Amino acid sequence: MNKGRALKQYIDGIKALELDSNAAISPQLSDLLDVLQAASVLVDATGLVVRASTTALSLGLVQSHMLVHKPLAELVDRARGRKDAIEADFDLITGLRGERSYVYARAGRIDNSLVLLIVEDRTESRRLDDTRRDFIANISHELKTPIAAIGLLAETLADGIDDEATVKRFAGNLKREAERLANLVQDIIQLSKVQSTDSQENFGPVELDEVIAQAIENNTVLSESRRNPIQVASSPGHVVYGNREALIMAIGNLIQNAILYSDEGKQVGVGLRVVDSVAEISVIDNGVGISVEDQERIFERFYRVDQSRSRATGGTGLGLAIVKHVALNHRGEIRLFSKPGMGSTFTIRIPELPAELTESLKG
(Lines give C-alpha, C1' and ligand atoms only; values in the text may rest on other atoms or scores of the structure.)
Protein backbone atom coordinates (compact mmCIF):
# COMPACT_ATOMS: atom_id res chain seq x y z
CA MET A 1 0.00 0.00 0.00
CA ASN A 2 1.15 3.53 -0.71
CA LYS A 3 2.68 4.94 2.49
CA GLY A 4 0.93 8.28 2.09
CA ARG A 5 -2.44 6.55 1.73
CA ALA A 6 -1.70 4.33 4.77
CA LEU A 7 -0.92 7.37 6.93
CA LYS A 8 -4.09 9.07 5.70
CA GLN A 9 -6.07 6.02 6.80
CA TYR A 10 -4.44 6.25 10.23
CA ILE A 11 -5.52 9.88 10.53
CA ASP A 12 -9.02 9.19 9.22
CA GLY A 13 -9.36 6.35 11.71
CA ILE A 14 -8.26 8.51 14.59
CA LYS A 15 -10.72 11.24 13.59
CA ALA A 16 -13.51 8.70 14.04
CA LEU A 17 -12.52 8.06 17.66
CA GLU A 18 -14.39 10.00 20.31
CA LEU A 19 -12.70 12.56 22.55
CA ASP A 20 -14.45 14.02 25.56
CA SER A 21 -15.41 17.67 25.83
CA ASN A 22 -12.13 18.52 27.56
CA ALA A 23 -10.08 17.09 24.70
CA ALA A 24 -8.76 14.30 26.92
CA ILE A 25 -7.25 11.38 25.07
CA SER A 26 -9.51 8.35 24.97
CA PRO A 27 -8.06 4.90 25.74
CA GLN A 28 -8.80 3.83 22.16
CA LEU A 29 -6.80 6.72 20.75
CA SER A 30 -3.91 6.07 23.12
CA ASP A 31 -3.83 2.39 22.15
CA LEU A 32 -3.88 3.25 18.44
CA LEU A 33 -0.94 5.63 18.79
CA ASP A 34 1.01 2.87 20.51
CA VAL A 35 0.69 0.52 17.55
CA LEU A 36 1.59 3.01 14.84
CA GLN A 37 4.89 2.03 13.29
CA ALA A 38 5.79 5.63 12.49
CA ALA A 39 6.48 8.19 15.23
CA SER A 40 3.24 9.86 16.34
CA VAL A 41 2.61 13.05 18.31
CA LEU A 42 -0.63 14.71 19.45
CA VAL A 43 -0.44 18.50 19.79
CA ASP A 44 -3.12 20.65 21.43
CA ALA A 45 -4.32 24.13 20.45
CA THR A 46 -1.55 25.82 22.43
CA GLY A 47 1.23 23.83 20.77
CA LEU A 48 1.69 21.57 23.78
CA VAL A 49 2.43 17.91 23.10
CA VAL A 50 -0.17 15.90 25.04
CA ARG A 51 0.86 12.49 23.76
CA ALA A 52 3.98 11.16 22.03
CA SER A 53 4.84 7.61 21.05
CA THR A 54 8.04 5.90 22.14
CA THR A 55 9.33 6.14 18.56
CA ALA A 56 8.79 9.91 18.54
CA LEU A 57 10.71 10.25 21.79
CA SER A 58 13.57 8.05 20.55
CA LEU A 59 13.88 10.23 17.46
CA GLY A 60 14.21 13.28 19.70
CA LEU A 61 11.13 15.01 18.31
CA VAL A 62 9.73 16.09 21.69
CA GLN A 63 11.30 17.83 24.64
CA SER A 64 9.52 19.37 27.66
CA HIS A 65 6.15 18.66 26.00
CA MET A 66 7.07 20.73 22.94
CA LEU A 67 8.07 19.84 19.40
CA VAL A 68 11.83 20.32 19.13
CA HIS A 69 12.00 21.09 15.43
CA LYS A 70 10.52 24.31 14.10
CA PRO A 71 9.57 22.87 10.65
CA LEU A 72 7.42 20.21 12.33
CA ALA A 73 5.76 22.77 14.59
CA GLU A 74 5.00 24.95 11.56
CA LEU A 75 3.53 21.96 9.73
CA VAL A 76 1.21 21.35 12.70
CA ASP A 77 0.15 25.01 12.74
CA ARG A 78 -0.67 24.92 9.03
CA ALA A 79 -2.72 21.76 9.52
CA ARG A 80 -4.96 23.50 12.09
CA GLY A 81 -6.49 25.71 9.43
CA ARG A 82 -7.19 22.92 6.95
CA LYS A 83 -9.74 20.16 6.72
CA ASP A 84 -7.42 17.75 4.94
CA ALA A 85 -4.05 16.45 6.12
CA ILE A 86 -0.86 18.01 4.77
CA GLU A 87 2.55 16.42 4.29
CA ALA A 88 6.17 17.38 3.67
CA ASP A 89 9.73 16.04 3.69
CA PHE A 90 12.27 17.52 6.09
CA ASP A 91 16.00 17.39 6.73
CA LEU A 92 16.39 17.52 10.53
CA ILE A 93 19.29 17.54 12.97
CA THR A 94 18.54 15.02 15.73
CA GLY A 95 20.17 13.27 18.66
CA LEU A 96 22.97 14.18 21.04
CA ARG A 97 25.54 13.91 18.25
CA GLY A 98 23.64 16.21 15.92
CA GLU A 99 23.03 13.55 13.29
CA ARG A 100 21.17 14.43 10.10
CA SER A 101 17.82 12.69 9.67
CA TYR A 102 15.55 12.67 6.64
CA VAL A 103 11.87 12.37 7.56
CA TYR A 104 8.46 12.31 5.93
CA ALA A 105 5.85 14.09 8.06
CA ARG A 106 2.08 14.24 7.81
CA ALA A 107 -0.20 16.36 10.01
CA GLY A 108 -3.97 16.32 10.22
CA ARG A 109 -6.56 17.94 12.46
CA ILE A 110 -8.56 15.51 14.58
CA ASP A 111 -10.91 18.11 16.08
CA ASN A 112 -10.77 21.80 16.93
CA SER A 113 -8.19 21.25 19.64
CA LEU A 114 -5.90 18.39 18.57
CA VAL A 115 -3.60 17.83 15.63
CA LEU A 116 -1.98 14.47 14.92
CA LEU A 117 1.57 14.54 13.58
CA ILE A 118 3.03 11.36 12.12
CA VAL A 119 6.73 11.29 11.29
CA GLU A 120 8.42 8.52 9.33
CA ASP A 121 12.22 8.27 9.52
CA ARG A 122 13.56 7.67 6.02
CA THR A 123 17.22 8.27 6.83
CA GLU A 124 18.29 4.70 6.15
CA SER A 125 16.31 4.58 2.91
CA ARG A 126 17.95 7.84 1.82
CA ARG A 127 21.38 6.48 2.66
CA LEU A 128 20.70 3.32 0.69
CA ASP A 129 19.63 5.37 -2.31
CA ASP A 130 22.79 7.49 -2.06
CA THR A 131 24.91 4.37 -1.69
CA ARG A 132 23.25 2.78 -4.69
CA ARG A 133 23.92 5.83 -6.84
CA ASP A 134 27.53 6.00 -5.72
CA PHE A 135 27.96 2.29 -6.30
CA ILE A 136 26.61 2.50 -9.85
CA ALA A 137 28.87 5.47 -10.59
CA ASN A 138 31.88 3.61 -9.17
CA ILE A 139 31.08 0.46 -11.14
CA SER A 140 30.83 2.45 -14.35
CA HIS A 141 34.21 4.02 -13.68
CA GLU A 142 35.87 0.74 -12.68
CA LEU A 143 34.53 -1.16 -15.70
CA LYS A 144 35.76 1.46 -18.16
CA THR A 145 39.44 0.69 -17.65
CA PRO A 146 39.52 -3.06 -18.38
CA ILE A 147 36.94 -2.76 -21.17
CA ALA A 148 38.92 0.02 -22.87
CA ALA A 149 42.15 -1.96 -22.43
CA ILE A 150 40.61 -5.09 -23.93
CA GLY A 151 39.35 -3.13 -26.92
CA LEU A 152 42.74 -1.49 -27.49
CA LEU A 153 44.62 -4.77 -27.16
CA ALA A 154 42.26 -6.53 -29.55
CA GLU A 155 42.77 -3.73 -32.09
CA THR A 156 46.54 -3.97 -31.72
CA LEU A 157 46.42 -7.73 -32.16
CA ALA A 158 44.44 -7.34 -35.36
CA ASP A 159 47.00 -4.89 -36.73
CA GLY A 160 49.98 -7.08 -35.78
CA ILE A 161 48.59 -10.44 -36.82
CA ASP A 162 51.72 -11.26 -38.84
CA ASP A 163 54.13 -10.47 -36.00
CA GLU A 164 54.28 -13.56 -33.79
CA ALA A 165 56.14 -11.83 -30.95
CA THR A 166 53.63 -8.96 -30.88
CA VAL A 167 50.69 -11.35 -30.96
CA LYS A 168 52.11 -13.38 -28.08
CA ARG A 169 52.85 -10.33 -25.93
CA PHE A 170 49.49 -8.61 -26.45
CA ALA A 171 47.58 -11.89 -26.13
CA GLY A 172 49.04 -12.23 -22.64
CA ASN A 173 48.01 -8.68 -21.79
CA LEU A 174 44.55 -9.36 -23.19
CA LYS A 175 44.21 -12.42 -20.98
CA ARG A 176 45.21 -10.47 -17.87
CA GLU A 177 42.68 -7.71 -18.57
CA ALA A 178 39.95 -10.29 -19.21
CA GLU A 179 40.77 -11.95 -15.88
CA ARG A 180 40.71 -8.58 -14.16
CA LEU A 181 37.29 -7.85 -15.64
CA ALA A 182 36.02 -11.29 -14.61
CA ASN A 183 37.29 -10.79 -11.06
CA LEU A 184 35.61 -7.39 -10.86
CA VAL A 185 32.27 -8.76 -12.06
CA GLN A 186 32.52 -11.67 -9.63
CA ASP A 187 33.24 -9.35 -6.69
CA ILE A 188 30.33 -7.09 -7.67
CA ILE A 189 28.03 -10.13 -7.67
CA GLN A 190 29.34 -11.26 -4.28
CA LEU A 191 28.96 -7.80 -2.75
CA SER A 192 25.41 -7.54 -4.10
CA LYS A 193 24.58 -10.87 -2.47
CA VAL A 194 25.89 -9.97 0.98
CA GLN A 195 24.11 -6.59 0.83
CA SER A 196 20.77 -8.00 -0.31
CA THR A 197 17.70 -8.28 1.92
CA ASP A 198 17.92 -12.10 1.87
CA SER A 199 21.61 -12.11 2.84
CA GLN A 200 20.80 -14.13 5.98
CA GLU A 201 19.13 -17.04 4.24
CA ASN A 202 20.75 -20.47 4.54
CA PHE A 203 21.99 -19.63 8.04
CA GLY A 204 22.76 -22.42 10.47
CA PRO A 205 25.42 -23.66 12.92
CA VAL A 206 28.89 -23.27 11.38
CA GLU A 207 32.11 -24.84 12.71
CA LEU A 208 34.70 -22.08 12.48
CA ASP A 209 37.76 -24.36 12.34
CA GLU A 210 36.28 -26.03 9.24
CA VAL A 211 35.58 -22.64 7.65
CA ILE A 212 39.15 -21.48 8.31
CA ALA A 213 40.57 -24.73 6.92
CA GLN A 214 38.57 -24.34 3.70
CA ALA A 215 39.52 -20.66 3.31
CA ILE A 216 43.19 -21.62 3.65
CA GLU A 217 42.76 -24.48 1.18
CA ASN A 218 41.27 -22.06 -1.36
CA ASN A 219 44.46 -19.97 -1.14
CA THR A 220 46.98 -22.83 -1.20
CA VAL A 221 48.08 -22.29 -4.81
CA LEU A 222 48.64 -18.56 -4.25
CA SER A 223 50.46 -19.22 -0.99
CA GLU A 224 52.80 -21.74 -2.60
CA SER A 225 53.45 -19.63 -5.69
CA ARG A 226 54.53 -16.66 -3.58
CA ARG A 227 56.26 -18.83 -0.94
CA ASN A 228 54.17 -17.36 1.87
CA PRO A 229 53.50 -20.16 4.38
CA ILE A 230 50.29 -19.92 6.39
CA GLN A 231 50.61 -20.52 10.13
CA VAL A 232 47.32 -21.50 11.82
CA ALA A 233 46.37 -21.29 15.50
CA SER A 234 42.86 -22.68 15.80
CA SER A 235 40.85 -25.20 17.80
CA PRO A 236 37.68 -27.17 17.08
CA GLY A 237 34.36 -26.77 18.83
CA HIS A 238 33.71 -23.07 18.20
CA VAL A 239 30.37 -22.58 16.44
CA VAL A 240 28.60 -19.48 15.13
CA TYR A 241 25.19 -19.03 13.55
CA GLY A 242 25.81 -18.05 9.96
CA ASN A 243 26.28 -18.82 6.30
CA ARG A 244 29.21 -21.16 5.77
CA GLU A 245 30.00 -20.10 2.20
CA ALA A 246 29.87 -16.39 3.06
CA LEU A 247 32.26 -16.87 5.98
CA ILE A 248 34.67 -18.89 3.82
CA MET A 249 34.58 -16.11 1.23
CA ALA A 250 35.23 -13.36 3.82
CA ILE A 251 38.08 -15.15 5.59
CA GLY A 252 39.47 -16.24 2.23
CA ASN A 253 39.53 -12.61 1.06
CA LEU A 254 41.54 -11.63 4.14
CA ILE A 255 44.00 -14.49 3.64
CA GLN A 256 44.41 -13.64 -0.04
CA ASN A 257 45.11 -10.00 0.80
CA ALA A 258 47.58 -11.03 3.50
CA ILE A 259 49.52 -13.14 0.99
CA LEU A 260 49.49 -10.54 -1.77
CA TYR A 261 50.52 -7.65 0.49
CA SER A 262 53.22 -9.56 2.39
CA ASP A 263 56.74 -9.76 1.02
CA GLU A 264 57.42 -13.02 -0.79
CA GLY A 265 58.68 -15.70 1.56
CA LYS A 266 57.13 -14.08 4.65
CA GLN A 267 54.69 -15.97 6.86
CA VAL A 268 50.98 -15.21 7.07
CA GLY A 269 49.11 -15.96 10.30
CA VAL A 270 45.53 -17.07 10.88
CA GLY A 271 44.14 -17.38 14.41
CA LEU A 272 40.89 -18.19 16.17
CA ARG A 273 40.01 -17.42 19.78
CA VAL A 274 36.86 -16.73 21.79
CA VAL A 275 36.66 -13.73 24.13
CA ASP A 276 33.51 -13.12 26.20
CA SER A 277 31.43 -15.40 23.94
CA VAL A 278 32.65 -13.60 20.80
CA ALA A 279 34.62 -15.57 18.23
CA GLU A 280 37.58 -13.65 16.81
CA ILE A 281 39.15 -14.78 13.54
CA SER A 282 42.36 -12.84 12.89
CA VAL A 283 44.50 -12.74 9.75
CA ILE A 284 47.98 -11.27 10.13
CA ASP A 285 50.25 -10.17 7.28
CA ASN A 286 53.85 -9.03 7.15
CA GLY A 287 53.39 -6.16 4.74
CA VAL A 288 54.18 -2.47 4.85
CA GLY A 289 51.21 -1.60 7.08
CA ILE A 290 48.42 0.90 6.54
CA SER A 291 48.47 4.57 7.50
CA VAL A 292 45.87 6.00 9.90
CA GLU A 293 44.34 8.06 7.07
CA ASP A 294 43.88 4.98 4.88
CA GLN A 295 42.52 2.90 7.76
CA GLU A 296 39.52 5.22 7.98
CA ARG A 297 38.54 4.39 4.39
CA ILE A 298 39.94 0.91 3.86
CA PHE A 299 36.51 -0.80 3.95
CA GLU A 300 34.92 1.51 1.37
CA ARG A 301 33.97 0.06 -1.99
CA PHE A 302 36.71 0.41 -4.63
CA TYR A 303 39.08 2.13 -2.21
CA ARG A 304 42.68 1.08 -2.74
CA VAL A 305 45.61 2.07 -0.56
CA ASP A 306 48.10 1.51 -3.37
CA GLN A 307 46.58 1.84 -6.84
CA SER A 308 49.63 0.53 -8.70
CA ARG A 309 50.01 -2.49 -6.43
CA SER A 310 46.29 -3.27 -6.66
CA ARG A 311 46.58 -3.39 -10.43
CA ALA A 312 49.61 -5.64 -10.18
CA THR A 313 47.87 -8.05 -7.79
CA GLY A 314 44.55 -7.97 -9.64
CA GLY A 315 42.72 -6.33 -6.72
CA THR A 316 39.26 -4.92 -7.39
CA GLY A 317 38.90 -2.77 -4.29
CA LEU A 318 35.82 -4.72 -3.20
CA GLY A 319 37.33 -7.52 -1.12
CA LEU A 320 37.32 -5.69 2.22
CA ALA A 321 33.86 -4.21 1.58
CA ILE A 322 32.62 -7.79 1.15
CA VAL A 323 34.31 -8.83 4.40
CA LYS A 324 32.71 -5.93 6.25
CA HIS A 325 29.19 -6.76 5.09
CA VAL A 326 29.59 -10.48 5.81
CA ALA A 327 30.60 -9.58 9.38
CA LEU A 328 27.63 -7.21 9.75
CA ASN A 329 25.23 -9.87 8.41
CA HIS A 330 26.46 -12.16 11.19
CA ARG A 331 25.78 -9.53 13.88
CA GLY A 332 29.51 -8.91 14.08
CA GLU A 333 32.19 -6.49 13.01
CA ILE A 334 35.59 -6.23 11.34
CA ARG A 335 38.51 -4.60 13.15
CA LEU A 336 41.89 -3.47 11.88
CA PHE A 337 45.16 -2.96 13.72
CA SER A 338 48.04 -1.68 11.63
CA LYS A 339 51.12 0.49 11.79
CA PRO A 340 53.32 1.46 8.85
CA GLY A 341 56.27 -0.90 8.68
CA MET A 342 54.72 -3.44 11.07
CA GLY A 343 52.11 -5.20 8.94
CA SER A 344 48.36 -5.45 9.55
CA THR A 345 45.92 -7.59 11.51
CA PHE A 346 42.31 -7.89 10.35
CA THR A 347 39.90 -9.45 12.84
CA ILE A 348 36.36 -10.64 12.18
CA ARG A 349 34.34 -10.74 15.44
CA ILE A 350 31.11 -12.79 15.53
CA PRO A 351 28.99 -13.90 18.52
CA GLU A 352 29.60 -17.56 19.36
CA LEU A 353 26.53 -19.79 19.35
CA PRO A 354 25.76 -21.16 22.83
CA ALA A 355 26.16 -24.95 23.10
CA GLU A 356 22.48 -25.55 23.93
CA LEU A 357 21.38 -23.63 20.82
CA THR A 358 23.94 -25.43 18.69
CA GLU A 359 22.50 -28.81 19.61
CA SER A 360 18.88 -27.73 19.14
CA LEU A 361 19.57 -26.18 15.73
CA LYS A 362 21.51 -29.22 14.56
CA GLY A 363 18.73 -31.44 15.78
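**Salt bridges, sheet and surface of the predicted model**

R244 has a relative accessible area of 34% and is therefore classed as partly exposed. The model is a predicted one. The side chain of R244 meets that of E245 in a salt bridge, with an N to O distance of 3.5 Å.

The structure contains eleven salt bridges, and the R244–E245 pair is one of them. Side chains of opposite charge can pair when their charged atoms come close. A further salt bridge links the side chains of D84 and R82, again with 3.5 Å from N to O. D84 is partly exposed at 42% relative accessibility, and R82 is also partly exposed, with a value of 37%. Neither D84 nor R82 counts as buried, because that class requires a value under 20%.

In the salt bridge between R335 and E333, the closest N and O atoms are 2.8 Å apart. R335 is partly exposed, with a relative accessible area of 46%. E333 falls in the partly exposed class as well, at 29%. This pair belongs to a network in which salt bridges with shared partners connect R273, E280, E333, R335 and R349.

The stretch 333–338 forms strand β13, which belongs to an open sheet of five strands. The strand order is β9-β11-β12-β14-β13, and the pairing is mixed. Strands β9 (230–233) and β13 lie at the edges of the sheet, each pairing on one side only. From one strand to the next, the twist averages 15°. Strands β9 and β11 (residues 268–275) run parallel and are joined by four bridges. Within this pairing, I230 has V268 of β11 as its bridge partner. Helix α7, which spans residues 208–218, packs on the sheet. The helix touches β9, β11 and β12 (278–284), and its direction makes about 170° with that of β11.

Strand β8 covers residues 204–207 and includes G204. G204 is buried, because its relative accessible area of 15% is under the 20% limit. Leaving aside residues up to four places away in sequence, G204 is in contact with V240, Y241 and G242. G204 and V240 are 36 residues apart along the chain, and their C-alpha atoms are separated by 8.0 Å.

At the surface, L48, V50 and M66 make up a nonpolar patch. Together these residues have about 220 Å² of accessible area. M66 is located in strand β4, which comprises residues 66–67. With a relative accessible area of 38%, M66 is partly exposed, and therefore passes the limit of over 30% that is set for patch members.

Conventions. Residues numbered from 1 in each chain as written. Predicted model: local features only at pLDDT ≥ 70, side-chain atom pairs only at ≥ 80, totals over all residues. Heavy atoms only, no water. Helix = DSSP H or I, 4+ residues; strand = E, 2+ residues; numbered from the N terminus. Buried < 20%, exposed > 50% of the residue type's maximum accessible area, 1.4 Å probe, protein only. Contact = heavy atoms within 4.5 Å. Pairing = 2+ DSSP bridges. Axes fitted to C-alpha atoms, helices over the stretch in contact; angles between N-to-C directions. Patch = residues over 30% accessible without salt bridge, like charges linked within 9 Å, V, L, I, M, F, W, Y side chains within 5 Å. Areas by Shrake-Rupley, 256 points an atom, 1.4 Å probe, with all protein chains shown as cover. Salt bridge = Lys/Arg side-chain N within 4 Å of Asp/Glu carboxyl O.
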